[in-house]
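Trainee: Hi! Could you walk me through this structure?
Mentor: Happy to, here it comes.

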Amino acid sequence: MRDARSVSGLRRVFGDLLLAGVVVAVMAVAPSVYSNQLLLFNFVMFLTLSQGLNVIYGFTGYLPFGYVGFFGAGAYGFALAVMHLHAPPLAAMAVGAAAALVLAVILTPLFRLSGAYFAIANLAAAQAVYEIVSNPALEDITKGPYGVSLSGVFAPETSYAVSVAILAGTLLLVVWLRNSRFGLSLRAIKEDPISAAMAGVAVVRGRTIAWLCSALIAGLVGGAFAWQISVFYPETAFSAQFSIFAVVFTLFGGAATLTGPLLGVFILYGIYNTIGITVPQYFQLIYGTLIVALVLFLPNGLVSLLTKRGIRVP
Amino acid sequence: MLIGAIISGLMFGLYFTLVGLGLNLVFGVMRIVNLAHGDFLMLGSFAAYWLFTLFGLHPLLAAVAVLVVFVAVGLPIYYGVVPRLLVARDSEMLSIILFFGLSQVIEALAAIAFGTSERSIPGRVLGSGPVSFLGQRLPSAWVFGAAVSAVAVACVYLYLYRTRLGTLTRAVMVSREEALATGIDVHRVSAIAFGIGIALAGIAGVFAPFMLGSVTPAMGADINVAAFAVIVVGTLGNPLGTVIGGIVYGIGLMLMQTYLSSWANLLPNLLLIAVLLFRPEGLFGRAVRRA
């Protein structure tokens with residue numbers, strides 16, 4: 001019995017790792033096949049951001065509506081380190097990641113709020129960070145609303161490679177959460193925090209770790225974004241679009257799985273890039289309708305079509 | 001300067017009460033978060049703009065038209081989505097996501113139909129010249145907007161406390177289950193409350209071009225944060241607490257714009273976070289903590 005279970009357990013881990021490995025390999029070799037590297041970077045960015053959001057939303061049930069706050073903190077942390085400290089890009093990325101972590105620590109008290117209030121307070125927090133960064137009064141430090149230019153460190157190939165590495169790390173984290181005792185304890189907290197606490201699960205510690213991991217991922221992606229595009233404005237780095245897309249992609253595919261957010265990005269962001277660029281309103285209309293339909297008819301995403309029939313999806 | 005800021009703050013406070021009131025009514029009755037509230041407000045603004053531009057209709061008449069149409073539109077929206085939501089396990093959370101989707105649909109349709117340029121209605125439509133009040137000269141459009149808001153808030157009060165349907169509404173607010181058990185048609189009461197809620201947003205929208213400046217299809221998101229700040233400060237689920245929230249917010253905003261103008265945009269966000277964290281029951285609420 002025990003052996004059988006561990007064999008099937010190993011098989012599951014192997015399936016998850018195989019999927020993660022295929023995605024990372026495809027994104028790693030893609031630039032040599034397809035020339036629009038910025039588009040590929042956007043795919044990698046949203047793949048990582050959706051999985052980062054999945055870490056906190058899928059496994060703990062807390063929906064960070066202001067997820068872009070960490071992304072923007074990462075991008076501006078990177079930019080400030082390059083502008084003021086003349087830091088090399090990798091060190092600047094560490095600064096960006098640290099900025100996102102600091103923001104996450106400051107926002108940890110939001111976990112005292114339950115679901116809907118957490119989401120709204122998080123949204124307000126992201127906007128507050130944007131208002132501070134873009135404030136003309138801080139022009140000497142952040143360049144205020146006029147945006148930053150980091151052409152000195154512009155290196156699209158290297159930053160793309162780094163972003164694929166971040167994607168690999170994020171996918172590994174999700175695989176671990178899906179197959180480890182810690183991930184199981186997070187899902188227990190999501191289902192019923194009181195029972196979980198009574199069963200000896202460290203509720204606050206579990207949530208906080210997931211929260212910091214999720215923020216760290218967004219901060220790293222933000223740093224890679226700043227490095228990749230090198231010229232940006234606060235309204236680009238703090239665009240609500242990042243949070244919205246990450247939420248929609250994750251919901252569409254199915255949270256708390258590895259496949260769901262990946263499917264969401266490949267399908268929806270693929271559609272977005274074929275029809276969305278010219279008339280963004282039409283895409284907004286489509287994903288708005290999709291959200292309404294998903295909540296009403298398929299609240300657990302595309303993968304639930306399979307999982308409901310007892311088929312395990314990585 | 002201080003007195004000027006406080007008086008205009010009171011005016012704006014009444015207006016922001018109207019902005020938040022519908023959201024709070026919907027939350028109080030249904031325990032769902034209407035994240036499309038700001039977008040219904042935006043639709044009210046565009047209704048006022050087009051009625052004025054095409055037919056020269058006075059905003060006051062536009063407000064009456066918006067009231068009728070929005071209540072009529074609110075009922076089918078309620079029956080289409082809310083009963084399904086309320087049976088779900090985590091209806092509050094799902095409602096946020098669903099109404100967020102609805103807000104995107106409304107914003108996209110408005111942008112496709114009206115374009116994304118800024119629209120405004122000249123302030124002289126609501127009376128010419130400034131009004132003198134306690135030695136302060138205030139734009140008459142502000143006074144008009146504040147007066148209409150006060151009347152609308154008073155009407156909601158009369159509805160809730162002086163009519164039979166209002167009594168039933170308050171019963172549902174206290175306990176949905178017990179109201180159901182007493183034989184109240186909970187869905188009918190809730191549907192009407194939902195219609196009134198978005199109609200209040202629409203009426204606030206009619207006066208938005210005068211109080212908030214020009215309007216665009218994308219204005220809803222900012223309005224939402226302001227409306228949330230107002231109702232969270234003035235106790236969630238308690239429509240009349242909204243008056244206090246609105247006035248705190250209005251005076252705070254005017255003081256910030258007078259003394260710290262470059263940071264004024266931070267106010268709604270910081271107020272919202274601070275109140276949620278330190279006094280989730282609202283500044284003057286005594287209810288148990290729901291957040």
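Mentor: One term to begin with: helices (H or I, at least four residues) and strands (E, at least two) are DSSP runs, numbered from the N terminus. This is a predicted model, where local features need pLDDT of at least 70, side-chain atom pairs count only at pLDDT 80 or more, and totals for chains, interfaces and linings use all residues. Residues are numbered from 1 along each chain as its sequence is written, while chains are lettered from A and ligands numbered from 1 in the order in which they are written.

Trainee: Where is L263(A)?
Mentor: L263(A) sits in helix α13 of chain A, residues 259-276.

Trainee: Is L263(A) buried or exposed?
Mentor: L263(A) is buried, because 21 other C-beta atoms lie within 10 Å. The cut-offs are 20 or more for buried, 12 or fewer for exposed, and partly exposed in between, with C-beta atoms placed from the backbone.

Trainee: And what does L263(A) touch?
Mentor: Leaving out residues up to four places away in sequence, L263(A) touches G253(A) and L302(A). Contact means that the C-beta atoms, placed from the backbone, lie within 7 Å.

Trainee: New topic: how many residues of chain B are in contact with chain A?
Mentor: 35 residues of chain B, and they meet 32 residues of chain A.

Trainee: Which element of chain B gives the most there?
Mentor: That is α4(B), with 16 residues on the side that touches chain A.

Trainee: What about α1(B), where does that helix bend?
Mentor: At G20(B), by about 35 degrees; the bend is the angle between axes fitted to the seven residues ending there and the seven starting there.

Notes
Two residues are in contact if their C-beta atoms, placed from the backbone, lie within 7 Å.
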